[in-house]
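This report examines one protein model and describes selected features of it. Please keep the sequence and the structure in view while reading.

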Amino acid sequence: MALGRAPFRPPHCPNPACGFHRDPRGWRFKRAGFYTRRARPRRIQRYRCLRCHRAFSSQTFSPTYWLRRPELQTPIYEGLMACAGFRQLARGLGCSPSTVQTHAARLGRHALLFLQAHLPSRVTEPLVIDGFESFEHSQYYPFHANLAVGAESHFLYAFSDAELRRKGRMTPFQKAKRARLEARFGRPDPRAIEHSVAALVRMLAAAGEDLEIRSDEHRAYPRALRRIEGVSIRHRVTSSKAARTTGNPLFPVNRMDLLLRHGGANHKRETIAFSKRRQSAMERVALFSVWVNFQKSRSEKRRDATPAQVLGLVDHRLSTREILGRRLFPTRVPLPEPWERYYESRIPTRARRCSVPRSRRYAA
Ligand SMILES: [Zn+2]
């Protein structure tokens, strides 16, 4: 597609119903003319599958398919990694905040597939888990992004979300407001953390294997781990009062919390760039995971290998071009729960009843 690269060859049939979608061995297709578009490159090669006769183009395999401003994808990815808010990015790029939002959601979905496609087949190190606290819509709607981080590699293996009830010190006015909101929109499941952490560990626990889980003394964690069947789990608890030094067994996840808070404008305390919806917050966690696993050194000072290199998943630090080089298809990379729900935009925001699942909207 771009100059200086090998000529594009469609890797498989894009039609999920075609036998050559998942397994392209023996696949044949033919060239079928060109079409022109407003964005560069203007001339796009078309093809046709000789089995199912589906027409497609080189664009079908680009993560920018159907986007009106494909040239914005890389700058938006890099802007989001550099902690910019949607409005800030929109101003800098000369587009509307809703365009940035469309791109960010697309990038988040790509990140979920990218992560799943590159996960190691089994976990061979202890996992450190913790809940990263943020909020959606307003401070009345806190949630946890639960993270599972490799104790040695610092690879961020998985994440899941849990809606929480607002707790802590509140003025009488705030208490009354919470009661009003809860009467109107309902209350989160009091076992949300338990369910969410069980889902998190289930994503990584292959039946019959041993897993060591490290965490703080949160009471929901032992209950969550008891829900997981067929895996022998050793649970090592460290007090959250222990000094937060590099020697702390929870250091890998404490570091991840810091990076996430530092790297995303939506998670800063007292920010006005907080996520309006948990859905988009989880998309950003997915993007953050790609960056932290495949692009960022474990130690910024030493500029050493990325976590993915430490695990032997790749042999070099990936460039943004490599990460965004090829569209991934959910029909070829099945996602586990809850990532499938994130992909399909099925995370409701309690205070915004109108959040429409993506599948019911027209496109992309
Ligand atoms: Zn086909």
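**The zinc site**

The model is predicted. In it, a zinc ion is coordinated by the SG atoms of Cys13, Cys18, Cys49 and Cys52, at 2.3 to 2.4 Å. Along the chain, these donors follow the spacing C-x4-C-x30-C-x2-C. The angles subtended by the four donor atoms run from 103 to 116°, and the arrangement is therefore tetrahedral. For comparison, the ideal angle for four tetrahedral donors is 109.5 degrees. Cys49 has 0% relative accessibility and so counts as buried, whereas Cys52, at 27%, counts as partly exposed.

How many of the nine residues of strand E5 are buried? Nine of the nine residues in this strand, which covers residues 142-150, are buried, so E5 is largely enclosed by the rest of the structure. Pro142, His144, Asn146, Ala148 and Gly150 point one way from E5, while Phe143, Ala145, Leu147 and Val149 point the other way.

E5 pairs with two strands, as the table shows.

| Strand paired with E5 | Bridges | Direction | Residues between the strands | Turn residue with positive phi |
|---|---|---|---|---|
| E4 (residues 127-135) | nine | antiparallel | six | His137, about 65° |
| E6 (residues 156-163) | seven | antiparallel | five | His154, about 65° |

E5 forms a hairpin with E4 and another hairpin with E6. Within these pairings, Ile129 stands opposite Ala148 in E5, and Leu147 has Phe159 in E6 as its bridge partner.

**Aromatic residues**

A search of the whole structure finds 15 aromatic pairs. In one of them, the ring centres of Phe8 and Phe61 are 6.0 Å apart and the planes lie at 45°, so the pair is tilted. This pair links distant parts of the chain, 53 residues apart: Phe8 belongs to the segment before strand E1 (29-36), and Phe61 to the loop between strand E3 (55-57) and helix H1 (73-81). Phe8 is buried, with a relative accessible area of 14%, and Phe61 is buried at 0%.

The rings of Tyr65 and Trp66 also form a tilted pair, because their planes are at 50°, with centres 5.8 Å apart. Tyr65 is buried, with a relative accessible area of 17%, but Trp66 is exposed, with 67%. Over the ring of Tyr65 sit the charged end of Arg106, 4.1 Å from the ring centre, and that of Arg327, 3.6 Å from the ring centre.

Finally, one aromatic cluster is formed by Phe8, Trp27, Phe29, Tyr47, Phe56, Phe61 and Phe329.

Definitions and conventions. Residues numbered from 1 in each chain as written. Predicted model: local features only at pLDDT ≥ 70, side-chain atom pairs only at ≥ 80, totals over all residues. Heavy atoms only, no water. Donors = N, O, S within 2.8 Å, 3.2 Å for Na, K, Ca; no water. Tetrahedral: all angles 85-135°; square planar, octahedral: opposite > 155°, others 65-115°. Buried < 20%, exposed > 50% of the residue type's maximum accessible area, 1.4 Å probe, protein only. Helix = DSSP H or I, 4+ residues; strand = E, 2+ residues; numbered from the N terminus. Pairing = 2+ DSSP bridges. Phe/Tyr/Trp six-rings, centres within 6.5 Å; stacked < 30°, edge-to-face > 60°. Lys NZ or Arg CZ within 6 Å of the ring centre and 35° of its normal.
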